[in-house]
Amino acid sequence: MTQANITWIEGVIVETEIHMSIVELSQAASASEDLIMDWVSEGVLSPSGSSPQDWRFGGDSLSRTKTALRLSRDLEINTPGLALALQLLDQISNLKAQLIRIGNNSTEKS
């Protein structure tokens, strides 16, 4: 008899059009509000609004917050380092998207 391996994947789908308050982002990401405020002041997160009570975070802020939490925990990166690391990850993602577009355009012309 063969044994089947079962892998469970758990996730949450958050649309980018959703806007969360700092309290909602804090709860969704399991991060303290103080930490989120520190990250906003360093440029790790960029909410709309002028004060913490008015801040609204897009759905993409949730994944960015979770990535920042992993980097700070696993690699012990400080807040200024997080801002730089996330900026570099964004650049890599943009470059990959450009390569895909270039690849798609060249195959369409062939």
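This is a guided tour of a predicted model, stop by stop, for use with the structure open in a viewer.

Residues are numbered from 1 along each chain as its sequence is written, and side-chain values use heavy atoms, with hydrogens and water left out. Because the model is predicted, local features need pLDDT of at least 70 and side-chain atom pairs count only at pLDDT 80 or more, while totals for chains, interfaces and linings use all residues.

**Whole chain**

Helices (H or I, at least four residues) and strands (E, at least two) are DSSP runs, numbered from the N terminus. Their order from the N terminus is β-α-α-β-α-α. Of the 110 residues, 27% are buried, where buried means under 20% relative accessible area, exposed over 50%, and partly exposed in between (1.4 Å probe, protein chains only). Among contacts (heavy atoms within 4.5 Å) with a separation of 6 or more, 57% join residues 24 or more positions apart.

**Helix α1 and its end**

Select residues 22-29, helix α1. Its buried residues are Ile-22, Leu-25, Ser-26 and Ala-29. Viewed down the axis of α1, they fall within an arc of 100° and so line one face of the helix; the arc is that of the directions from the helix axis to the C-beta atoms. The cover over these buried residues includes β1 (19-20), α2 (33-42), β2 (57-58) and α3 (59-74).

Why does Ser-26 count as buried? Its relative accessibility is 11%, which is below the 20% limit for a buried residue. Setting aside residues up to four places away in sequence, Ser-26 touches Ala-31, Ser-32, Glu-33 and Ile-36.

Step on to Ser-30, which follows α1 and lies in the loop between α1 and α2. Ser-30 counts as exposed because its relative accessibility is 65%. Its phi is positive, near 60°, in a residue other than glycine. Most residues other than glycine have a negative phi.

**The nonpolar core**

Select Leu-25, Ile-36, Trp-39, Val-44, Leu-45 and Phe-57: of the 20 residues in the largest nonpolar core, these touch the most other members. Helices α1, α2, α3 and α4 (79-109) each supply at least two residues of this core. A nonpolar core is a set of buried Ala, Val, Leu, Ile, Met, Phe, Trp, Tyr and Cys residues joined through side-chain atoms within 4.5 Å. Centre the view on Val-44; beyond its neighbours within four places in sequence, Val-44 contacts Trp-39, Arg-64, Ala-68, Thr-79, Leu-82, Ala-83 and Leu-86.

**The aromatic pair**

The count of aromatic pairs is one. Rings of Phe, Tyr and Trp (its six-membered ring) pair if their centres lie within 6.5 Å; planes under 30 degrees apart count as stacked, over 60 as edge-to-face and the rest as tilted. Display Trp-55 and Phe-57, an edge-to-face pair at 6.1 Å centre to centre with 85° between the planes. Trp-55 is buried at 10% relative accessibility, and Phe-57 is buried at 0%.

**Last stop**

Finish at Glu-76, in the loop between α3 and α4. Glu-76 is exposed, with a relative accessible area of 71%, and has a positive phi of about 55° although it is not a glycine.
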